[in-house]
Amino acid sequence: MAERPVLRTELCARLGIEYPICLAGMGGKADPTPPKLVAAVSNAGGLGVMGGTGFSPEEIRVRINQIRALTDKPFGVDLLLPVSMAEVGDSRPEIREQLAREYPRHVEFVQSLAREFNLPQVTASDDTVLSPAVIREQVKVVLEEKVPVFAAALGDPSWMVPDAKAAGITVMGMVGAVRHARRQIEAGVDIVVAQGYEAGGHTGRAANFPLIPQVVDAIAPAPVVAAGGIADGRGVAAALALGAAGVWVGTAFLASEETGIVDLHQQQILDGSTQDFIVTRAYTGKTARDYKNVVIQAWENSDLEPLPMPLQQVLMEDFVEAASQVGRHELVNNPAGQIGGMLTERKPAAVIMDELIQGAVEVIKGFRSVI
Ligand SMILES: Cc1cc2nc3c(=O)[nH]c(=O)nc-3n(C[C@H](O)[C@H](O)[C@H](O)COP(=O)(O)O)c2cc1C
């Protein structure tokens, strides 16, 4: 049997994994990171991370158990803990009433979009709203299940870090700016994931080349994991060269056979060029990088500002649900990063992992000929 390549950093020891490569926790009902993808990455020596946002606390528990049935290796769960959220009720009907009362023009605009695209009248069925109360319940499941790694997306995890530590959970915090990295360390997180502008999904304004080394310097000796625009061994090696201890890979795994995203979304990634993946607040209220579409364009052409999270999400949910039900997946938000321009082939996750690892080893060995 061929020997397994060696690519080890401090992150491997910290997380108990063989290779410093994490599957980015990608949330949403489209199910970008189902248990079989999480387990495939962990079984290949990386850290599989499940995106839990979009699922009820009970669903999250079921999925954690499904992952445990598929792998005995470490894995993680990622949840959105927004720093700033509009004050809203905890149920959809309450938020809908608030929207009708306070933002009638926004409601009318979305209804006119639904008419324009001939969408049926649909009311999103699921009761899970991204409210502070629901987020607390989701986190409770992660703590009770003693998931090996918890990743906090966007926000401030300080309120849950002591409980996570007590449960033996390693906490990772996502940031897009140096000052947020310092804040995450003050909040007690163990590892910071620095995510650049080029990334898919919610994203900040700083690109990875300036961001990563500054975050590395700002929080040394705490390890930094680089996220955004990494889809082959060159990206992995570049991240390590910038001082990162590992990588957090999203879009490249949306080209895997195991992801749950719809075929059209995957095809957009395989066919799209870098310029097709643009930043918008149209679907969630926070800046996110999605595949371009006519709905994003319509919001841009309107005189309306998207609302803060979670109001914008609830405002758009019935539209998104209606479009999904009739298979108009080109009208919904399909998040993916600029590196989608480089991806052309659907592959098993284990092959993607092998290529990331082997490619990085070759680049790093090649550097020896430079000096
Ligand atoms: C479909 C999709 C959903 C995402 N959902 C989340 C999420 O729920 N939580 C999170 O921390 N990051 C989320 N992200 C961001 C990823 O975790 C990761 O930082 C990003 O994909 C890295 O950039 P890349 O796509 O260029 O690899 C999402 C990204 C995508 C593409």
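Student: Which residue in S11 is the bridge partner of Ile278?

Tutor: Quick heads-up: this is a predicted model, in which local features need pLDDT of at least 70, side-chain atom pairs count only at pLDDT 80 or more, and totals for chains, interfaces and linings use all residues. Residues are numbered from 1 along each chain as its sequence is written. S10 and S11 pair in the antiparallel sense over four bridges, where pairing takes at least two DSSP bridges between the strands. In S11, the residue bridged to Ile278 is Asp290.

Student: And which strands stand at the edges of that sheet?

Tutor: Strands here are DSSP runs of E with at least two residues, helices are runs of H or I with at least four, and both are numbered from the N terminus. The open sheet has three strands in the order S7-S11-S10, paired antiparallel. An edge strand has a single partner, so one side of it is left without a neighbour in the sheet, and that goes for S7 (201–202) and S10 (277–280).

Student: Which residue of S11 does His202 bridge to?

Tutor: S7 and S11 (residues 288–291) run antiparallel, joined by two bridges. In S11, the partner of His202 is Ala288.

Student: Now the eight-strand sheet: which strands stand at its edges?

Tutor: It's an open sheet with parallel pairing, in the order S1-S9-S8-S6-S5-S4-S3-S2. The strands at the edges have a single partner each, so one side of each lacks a neighbour in the sheet: S1 (21–23) and S2 (48–51).

Student: At about what angle does H2 run to S2?

Tutor: Axes are lines fitted to C-alpha atoms, for helices over the stretch in contact, and angles run from 0 to 180 degrees between N-to-C directions. H2 lies across S1, S2 and S3, and its angle to S2 is about 160°.

Student: Is H2 oblique or parallel to H3?

Tutor: The axes of H2 (residues 35–43) and H3 (residues 57–70) come within 9 Å and cross at roughly 40°. Under 35 degrees counts as roughly parallel, over 145 as roughly antiparallel, 65 to 115 as roughly perpendicular and the rest as oblique. So H2 is, relative to H3, oblique.

Student: For H5 and H14, which residues of H14 make the contact?

Tutor: The axes of H5 (residues 104–116) and H14 (residues 311–325) come within 9 Å and cross at roughly 10°, which makes the two helices roughly parallel. Contact takes C-beta atoms, placed from the backbone, within 7 Å. H5 brings His106, Val107, Val110, Leu113 and Ala114, and H14 brings Leu315, Met316, Phe319 and Ala322.

Terms used
Two residues are in contact if their C-beta atoms, placed from the backbone, lie within 7 Å.
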